[in-house]
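Please look over the sequence and the structure below before reading on.

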Amino acid sequence: MKVPQLCVHNLTKTFAGCDSPVIRDVSFCVYPGEVLTLVGPSGCGKTTTLRTIMGFEHADAGEVKRGDEVLQDGVTFVPPELRKIGFVFQDYALFPHLSVLQNVMFGIRGVPKARKRAIATEVLWMIGLAGLEDRRPHDLSGGQQQRVALARAIAPGSRVVLLDEPFSSLDPDTRHTIRGEVRMLAERAKMAVVLVTHDQEEALSTADRLAVMRDGVIEQLGPPEFVYNHPANRFVAQFLGRTNLIECDAAGRVGETPIGKVELEREVRGAVTLSLRPEHLELHKPIEGRPGGKVIAREFKGHDMTYHVRIGSAEYLVQADAHCGFKVGDAATVCPRMAAAVVDDSGAEPVKHVRLPLA
Amino acid sequence: MLPLGYLVVRSLGADAGEVGRAVFRWQSLVQLSNTLLLCASVVVVTTVTALPAAWLTSRTDLPMKRFFALALVLPLAIPGYLMAYTLLSLGGDYGAAFHLTGVSVPRLRGFWGSLVALSVYNFPYMLLNLRAGLSGYDTSLEEVARSLGQRPGRVFFTVVLPQLRPAILAGALLVSLHVVSDFGVVSLMRYETFSYALYQAYQGAYGTRGAAPIALLMMALAGVFIVAELLMLRRVVLTRAGAGQARVRRPLRLRRWAWPGVVFVCLLLMVGVVLPVLTIVYGALGVEMGSQWRALRGAVVDSLSVSIPSAVVATALALPIAYMARRYPSRWSASLERLGFVGYATPPLAFALGLLVVTLRVVPGLYQTAFVLVYAYSLHFLAEAVGPIRAGLFTANPRLEEASRALGYGPFSTFARVTLPLLRPGLIVSLSLVFLSVMKELPLTMLLAPPGFETLSMNIWQYTEDAMYGSAAPYALVVLGVSALFVGVLVFNERRMA
């Protein structure tokens, strides 16, 4: 059994003058070498969660533990400087009056100066900034600044690093490279990394596990593939990429929908809502026994093609490969490739709940 | 604040009838009307000269516009008493003008002398306010008025002037406060306003007791100006109504009016900058320094001995005030910051008198020591020290402090290792502004200087008062140099912020 590096339990915080809490009962654990991503629309409380873990904000209730050490609970409050947690700011917050090397040396404490210099140089080398030691932060490109901020946060030897929207001001290429570097660093140094982003694509591609937040609450937590393919509710389904939300009359593992019979991922009866992503659907020539429709638009995306298909009164998105021969106006029908996720069963008959095992 | 409160208490504590007689007498009425007349006249003269100058340097294609825009602000650095000295030494039968050109110009004195000197000194304040007003306002309104059939001349009065009202009011307030507070000009010109009367009463038989009622009147007048401006501004609503972005119009083409414009601006520069500089340099060249070197050196040393500690104390006070106001905004920290501006707006003579009374009563051991002088300077010039630090705090963003906390430094070492180094340029500007201001300060020094203590400004004042213009010239030259440095620091600071 692995021991979590950082544990957050029931963290709740209300800002002075606000009625509702910004974050409510937020709980998760991060393990060594793991990247946990908090993702959600702006204002959902993800940055506040991060700042509360760091101790920049005082939580009203809840617990933060680094390993076995309690950083915060009802009694204890460890100030940020004693938490031994690295923090990377969205705007990097590099000290403009210090050189790159001095920035990285800043947080290394309790060792002779020569040793500090050696550690800082090594971290800079590891992160690909060797040779830039004497530059000032404003002489660096955005990606380099980002790397210095990262180096500065990990140089003191923190085993936990928090990243607040770290890639949002980088161009796509640099962003891609640095994302990879962060993952590699986490694995190599066995660090627990918590990363905050509002970019769902970034969240899916960087995270070992991801937590989707809305209005201060974690809506779903799990490995990205799982959360993407089995969204727990409408919000998660719609926030992570495009999806088709389909009303369904369920009868066990199958249900009747406007596009025909659909297999369900779990047993449920009554009126439910399903989520089927465009790539979970296939486009066919009209088939006997399935409701037919018409292609009304198509978006060519290079590697693939997204069709808009109208069946009955609703419109469905279907992903197909770029050589698929359908044209706008063609008659077509839509078939699911896999079992559909049930994202809303509030109208279903109460049954003994069978939950899928959470990873 | 304490000295002012004390002043009130002390005046009231004295025999009420005595105070009443002191305040409500014929002489007070004359002083009041003189002060008001001078305020009004200076406001009118500065507005009438600054309005075309502001318009020319901000809205037209005047040749060398940027140079003139900067140069026209220079009189700000020349203290009023130097301008008074210039006017006094220039005119008259044996004045500098007679020596140079053979033509004797009349020596301005009294009301007219005060008016000219104070107008020149205050012109830049009005100019800066008007220019801010002109650059911030919406030119499409002018075009609307034109499209509705108004001729350009009328547009100026129906549209432009009303829009400039807040700027003119703000400028008028600042100018009026300066006139009420001014001591150097009116005393040298022998024009009996409150501050001259206060000084005379203080030097007279009754000392502080005789001067206190006048100080109260002076403060009341300054208070009335501030309140009046607030009331008038409250009724003015000048935000854009309706959608649309305020548009900046192309500068107006002057064409054949360009040269008259340049001549006008040059004339202003001649009176405000060239004239005093030439007069002072000419006067200083004509002096046999010999034995005067020692006296001059003594004055410089005396000035330095108070201006350096004042700069340090004022900056040290300003640092926490600016920091609190920026990082922990609250009613409390905001009023603390405003305190600096109270110190600036309070007429220095009244402030000095209050301070004298308090030290005599509470800590007589400090009476007439340099300590009180430094205390007075620091509070009076606090606002000058707060400004640059406040601006510097904008660059030192709170994220940097949090970054340092995350890297293991507590609040105090974070301040020392991160905030302070980032604020260093701002601190240096604050230090130099206060230092240079104290070097040329006059009224506080006159009342609070210890016996035998003679600063540069006191020497200038005394020699000019005794009509020994030649002897005053070397001191004036040094103060002029200080003023030039002052301008340099201001320009440097502008550049840095830009």
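**A covered helix in chain A**

In H4(A), the buried residues are A:Gln145, A:Gln146, A:Arg147, A:Val148, A:Ala149, A:Leu150, A:Ala151, A:Arg152, A:Ala153 and A:Ile154, where buried means that 20 or more other C-beta atoms, placed from the backbone, lie within 10 Å of a residue's own, while 12 or fewer make a residue exposed and counts in between make it partly exposed. This is a predicted model, in which local features need pLDDT of at least 70 and side-chain atom pairs count only at pLDDT 80 or more, whereas totals for chains, interfaces and linings use all residues. Residues are numbered from 1 along each chain as its sequence is written, and chains are lettered from A and ligands numbered from 1 in the order in which they are written.

**Helix H4 of chain A**

- With 10 of its 13 residues buried, H4(A) is mostly covered; helices (H or I, at least four residues) and strands (E, at least two) are DSSP runs, numbered from the N terminus.
- The cover over the buried residues of H4(A) includes strand E6 (85–88), helix H2 (100–105), helix H3 (113–126), strand E7 (160–164) and helix H5 (172–188) of chain A, with contact taken as C-beta atoms, placed from the backbone, within 7 Å.
- The 13 residues of H4(A), 142–154, should span 18 Å at 1.5 Å a residue, which agrees with the 19 Å between its end C-alpha atoms; the expected span is 1.5 Å times one less than the number of residues.

**The four-stranded sheet of chain A**

- An open sheet of 4 strands with antiparallel pairing has the order E2-E1-E4-E5 in chain A, two strands being paired if DSSP finds at least two bridges between them.
- Strand E2 (23–30) and strand E5 (69–72) of chain A stand at the edges with a single partner strand each, so one side of each has no neighbour in the sheet.
- Neighbouring strands of this sheet are turned by 20° against each other on average, direction ignored, with axes being lines fitted to C-alpha atoms (for helices over the stretch in contact) and angles running from 0 to 180 degrees between N-to-C directions.
- Strands E1 (6–13) and E4 (61–66) of chain A run antiparallel and are joined by 5 bridges, and A:Val8 has A:Val64 in E4(A) as its bridge partner.
- Helix H1 (46–54) of chain A packs on this sheet, where it touches E1, E2 and E4 of chain A, and its direction makes about 115° with that of E1(A).

**The five-stranded sheet of chain A**

- A further open sheet, of 5 strands with antiparallel pairing, has the order E13-E17-E14-E15-E16 in chain A.
- Strand E13 (281–284) and strand E16 (314–321) of chain A are its edges, each having a single partner strand, so one side of each is left without a neighbour in the sheet.
- Between the antiparallel strands E14 (293–300) and E15 (304–311) of chain A there are 6 bridges, and A:Ala297 stands opposite A:His308 in E15(A).

**Domains of chain A**

- Chain A is divided into domain 1 (6–236) and domain 2 (242–348), with bounds that come from an automatic or database domain assignment.
- The C-alpha centres of these two domains of chain A lie 39 Å apart, and their contact takes 5 residues from domain 1 and 7 residues from domain 2.

**Chain B and its contact with chain A**

- Chain B has 23 helices and 0 strands, and buried residues make up 45% of its 498 residues.
- In the contact between the chains, 13 residues of chain B meet 18 residues of chain A, and H19(B) gives the largest share of the chain B side, 6 residues.

Notes. Contact = placed C-beta atoms within 7 Å.
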